[in-house]
Amino acid sequence: MLDLGYRHVDVFSRRAFQGNGLVVVLDAEDLSTAVMRELTREVRQFETAFLAGVDLPGRSAQLRIFTEDEELDFAGHPVLGAAAVLHTLLPAPDAEESWALVVAQRTVEARTRGADRWVDATMDQGVPQLGPAIAGEQAEAYRDALNLAHGQLHPGLPMQVVSTGLPYLIVPVQTGLDRARISHPDFEGLLETSGAKFVYVLDPDRPEGRTWDNAGRVEDVATGSAAGPAAGYLLHHRVRPGGQPLLVHQGRFTGRPSTIEVRPDPDGRLWVGGPVAPVAAGRFHAHLT
């Protein structure tokens, strides 16, 4: 018998039904990986977060993150949403709390602050790691796979893989963000040739981005794990001045426009965050056999 509590939140929004939806499953210690995958498919969010080993006095927990297709070693909005949920479980939270969330083999520091009807959450994504610029036939293959014309790529910026825990292929465009889509039968295999896990098509002038699951079935609303790489890319190429916070826009094409804030530290570390609004709370009751 499955009997588990959950919280449904919208990340990168101060109110429900905007931003990026997330289900956070509580007390998931005894769940098998197979059941976590089934629950993720059932709730039909882009990602689902599972909390285990929660130590509220010690402000720590273990976190596993799933898409419908796989478990991820890192993702942005599930970390922020889980931290915000933990904040609401505290009997008397301080003005600002700090959490240590263990995701795969990595411990992510997250900070939360309660507001009137939401929780502000931010996480340390570390220093972005940039790969070499991608050009020539490889860049042309990515352009075609994303339904982009040659003149729509940004003339002064290269494609490049950037990671703050999850490697994204950043594809800068000057036009055509509206027509971008995955139109390749094995896009995941194509990404592997550059070491990327996902793609982020980026208009650097706004800045605004788009990403999808690698089959191109579902577009993500607001991608915290991509906002760090996008900001690192913009700072590296001096599109944005260093030392100042910047806003990454996403979700306009899904009908849920969202804004992700990235604040660089003097040492180059990137703090990525935004508000998290509560939507629902409940329990899963289901017979598994």
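Predicted model: local features only at pLDDT ≥ 70, side-chain atom pairs only at ≥ 80, totals over all residues.
Residues are numbered from 1 along each chain as its sequence is written, and side-chain values use heavy atoms, with hydrogens and water left out.

**Aromatic pairs**

I looked up the aromatic pairs and found four in the structure. Rings of Phe, Tyr and Trp (its six-membered ring) pair if their centres lie within 6.5 Å; planes under 30 degrees apart count as stacked, over 60 as edge-to-face and the rest as tilted. Tyr6 and Phe284 form a tilted pair, at 4.7 Å centre to centre and 40° between the planes. Tyr6 belongs to strand β1 (residues 2–11) and Phe284 to strand β16 (residues 270–286), so this pair ties together parts that are 278 residues apart in sequence. I took strands (E, at least two residues) and helices (H or I, at least four) as DSSP runs numbered from the N terminus.

I then turned to Tyr168 and Tyr200. Their ring centres are 6.4 Å apart and their planes stand at 80°, so the pair is edge-to-face. Tyr168 lies in strand β11 (residues 167–172) and Tyr200 in strand β12 (residues 198–203), so the pair ties together parts that are 32 residues apart in sequence. Tyr168 is buried, and Tyr200 is too. With Phe198, these two tyrosines form one aromatic cluster.

**Helix α3**

Which residues of helix α3 (residues 136–145) are buried? I found Ala139, Tyr142, Arg143 and Ala145. The buried residues of α3 pack against β9 (129–134), β10 (159–163), β11 and α4 (187–192), a contact being heavy atoms within 4.5 Å. Just after α3, I noted that Asn147 takes a positive phi of about 65°.

**The whole chain**

I counted five helices and 16 strands in the chain. The radius of gyration is 19 Å, close to the 19 Å that the globule rule gives for 289 residues, so the chain is as compact as a globular protein of that length. The radius is taken over C-alpha atoms, and the rule is 2.2 Å times the number of residues to the power 0.38. The C-alpha trace spans about 55 × 45 × 35 Å along its principal axes. Of the 289 residues, 53% count as buried.

Conventions: Buried < 20%, exposed > 50% of the residue type's maximum accessible area, 1.4 Å probe, protein only.
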